[in-house]
There are 2 protein chains.
Amino acid sequence: MRIEAVDFFYVAMPVVTDAGDGSQDALLVRVRAGGHEGWGECEAAPLPTITAFVCPKSHGACKPVRDSVLGQSVEGPADIARMARTISWDSMDLLQAAHTWSGIEMALWDLLGKARGEPVWRLLGYDRAYPKTPYASQLFGDTAEDTRRTCAEQIAAGYRAVKCGWGPFGRGSLQDDIDHLHAAREGLGPDGILLVDAGAIFGEDVEAASARLPALEATNATWYEEPVLGMAYEAYAAIAARSPEVKLAGGEAAHNVFMARHTIDYGKVGYIQIDCGRIGGIGPAKRVADHAIARGITYVNHTFTSNLALSASLQPFAGLEDHRICEFPVATQDVAKAFCATRIMPDAEGLIHVPDAPGLGVAIDPAGIRRYLLDVEIRVGGVTLYTTPSPD
Amino acid sequence: MRIEAVDFFYVAMPVVTDAGDGSQDALLVRVRAGGHEGWGECEAAPLPTITAFVCPKSHGACKPVRDSVLGQSVEGPADIARMARTISWDSMDLLQAAHTWSGIEMALWDLLGKARGEPVWRLLGYDRAYPKTPYASQLFGDTAEDTRRTCAEQIAAGYRAVKCGWGPFGRGSLQDDIDHLHAAREGLGPDGILLVDAGAIFGEDVEAASARLPALEATNATWYEEPVLGMAYEAYAAIAARSPEVKLAGGEAAHNVFMARHTIDYGKVGYIQIDCGRIGGIGPAKRVADHAIARGITYVNHTFTSNLALSASLQPFAGLEDHRICEFPVATQDVAKAFCATRIMPDAEGLIHVPDAPGLGVAIDPAGIRRYLLDVEIRVGGVTLYTTPSPD
């Protein structure tokens, strides 16, 4: 199968706000080859990501992603890995290329799975897929009482795990944070899984980040996510050394396997969180999962947009029974729902199952794309490099 | 001074080839504030870099660079650092943002220097600027004899230092590489400074990269650049541990201070090579220079385009007398020369001096921009986000 076309669709809510809600827009990718069609999604700013595909070449190590993809043969996973290697050399100086390739890579796995009638997780070498325990992700409340109440509500709604993050955490006094953590535990009850996300609020300040450890331990938090900046591995390791019970979590911004490996090996996290829409797709994410197993730590998906991206994010660790916690976006904007004709929902026991269907197992609705589609036109030197194609 | 305008100019040779020559195009940035004008240059793929400035917002941590710059006050270095911090939070998920900001940041230093009548290196806190020893950068020859001859030619042309890289190195046998290294030393004579650039040819293969160490030591090479992939810090450190005499060099791709610090602290390089057009500009590069001093290693500029970018690249270590070697592009394409009305040339002793003039000290010729200017037009949802402005 030769790759005949790679098309991008930029969809967005009519109004995009400053909220930290990544589901307000999306960049879908459609790949066509050999009569088959695959879909992927870049977790990225859509316009720069499209231009990294179509831009003119700058020199031998700064070529558009297009040059390494269009016309290529795709018969199996090795072909996808080959294109990834070409891009890593030929687009070495094009920073945005990793985000662009991520969605294409996903689409190629989807296409390959459909062509072979196999789910992607099987193409990755897993014999079966295990259910995951989704966590409800929410902000810390304005008050400790708000935090207690919303945690209790999530448990009542059927979640076994709740992630509290951002909001006032790290912005007030140490005692405020301690109060929020105890309130969260009270709301969850003794058996609820408590995950805490500091949103990198402490920068590189090891002392301030570590001051919260006793309360995290006392409230039996499972992980302490991004206490410091994502690449502050030295600070991560220093905090980890003081925290034998509560493991650190991080890695969502990794845009290559090196960054994820370093978060594990230098930063000493216990949970590595990978976004397939940034790290270069499903193949690199699977390599990170393998590395996590080798190091005895736990892989977790990072995803905050559509069910297509959710399915992709579940594939790399679908076959790992002991890596159970998964991110599951619950309150996405309509734009992220409209183009997915397939819905991934918790079962009666509140567990999430990766689709057992060819490819990523998520059908795309062109009408849903059209509803939120933004027309894009890019011209350079009198030549039109990109116009939004038809989603049909 | 309020930032009134930030304009990008995409210039390119009529034909851009696959050669590893980064001077085939350029992205210039002009910033206007308070009646002053500053110029900078992004070492980056022009089109994705422009779009990272003008693209619509995706969410609170994925905003265009524009939102953190236009309308901001710039009275001193602290204002530039403030904008950098805002971008690091508000454009956290926009990968290309670092490359976009790099050129703007340079232009802001240029503007500030012009407004105060001071060269940038003085604004950075240096009392004086020391001359640098430029190296001539060339490919290894097809044969060892070619390598010998071209090295001898550079010495005859007045260079004290020559960097040989890429070409056949690492692609043939170990003995081939040994022959090239001895030929280079023969061509340079006993006093010439020999720098070797492996162009990451050995991937992550520590054994293959290390097999060249005895010959590098025997030929008295000063550095061994990028023996492995830029982020393969584990491999860097393993090679460095075997090479007490010949220090490693790397870091050119760093797009933030963390990456440069990690190349030093985890990768154990002896020379850290920083491109101001990628790392976020002159301020972050100066922080890397400070870190290099603290670790007892040497800072080197990385630059391969115009004299504007060259001047910017020299500022962060202009005042460091002991950090003498500098990259000096000698065979750039005409597009990189046309827009610089000021030329930086070696003096009678073959040394390079950073301009002792306000700002970056490089006058821009709008006619030279116009000669190679590519008209760009970007439209999203019926709104024109960017059209190429006038360089006048």
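Helix 5 (residues 144–156) of chain B packs against helix 6 (residues 174–188) of chain B at an angle of about 25°, with the axes 7 Å apart. Helix 5 of chain B is therefore roughly parallel to helix 6 of chain B (angles under 35 degrees count as such). The crossing of helix 5 and helix 6 of chain B is right-handed. Among the contact residues are B:Arg148 and B:Ile155 of helix 5 of chain B, and B:His180 and B:Leu188 of helix 6 of chain B. Contact requires C-beta atoms, placed from the backbone, within 7 Å.

This is a predicted model: local features need pLDDT of at least 70, side-chain atom pairs pLDDT 80 or more, while totals for chains, interfaces and linings use all residues. Residues are numbered from 1 along each chain, with chains lettered from A in the order written.

Now the interface. In chain A, 43 residues are in contact with 42 residues of chain B. Helix 1 (46–54), helix 3 (97–116) and strand 12 (376–380) of chain A each give two or more residues to this side. Strand 12 of chain A gives the largest share, five residues. Helices (H or I, at least four residues) and strands (E, at least two) are DSSP runs.

The two contact surfaces divide by residue class as follows.

Strand 12 of chain A pairs with strand 12 (residues 376–380) of chain B in the antiparallel sense, over five bridges. Pairing takes at least two DSSP bridges. A:Glu377 stands opposite B:Arg379 of strand 12 of chain B.

Key:
Axes are lines fitted to C-alpha atoms, for helices over the stretch in contact, and angles run from 0 to 180 degrees between N-to-C directions. Angles under 35 degrees count as roughly parallel, over 145 as roughly antiparallel, 65 to 115 as roughly perpendicular and the rest as oblique. A crossing is left-handed if the near helix is turned anticlockwise from the far one by less than a right angle, and right-handed if clockwise. Two residues are in contact if their C-beta atoms, placed from the backbone, lie within 7 Å.
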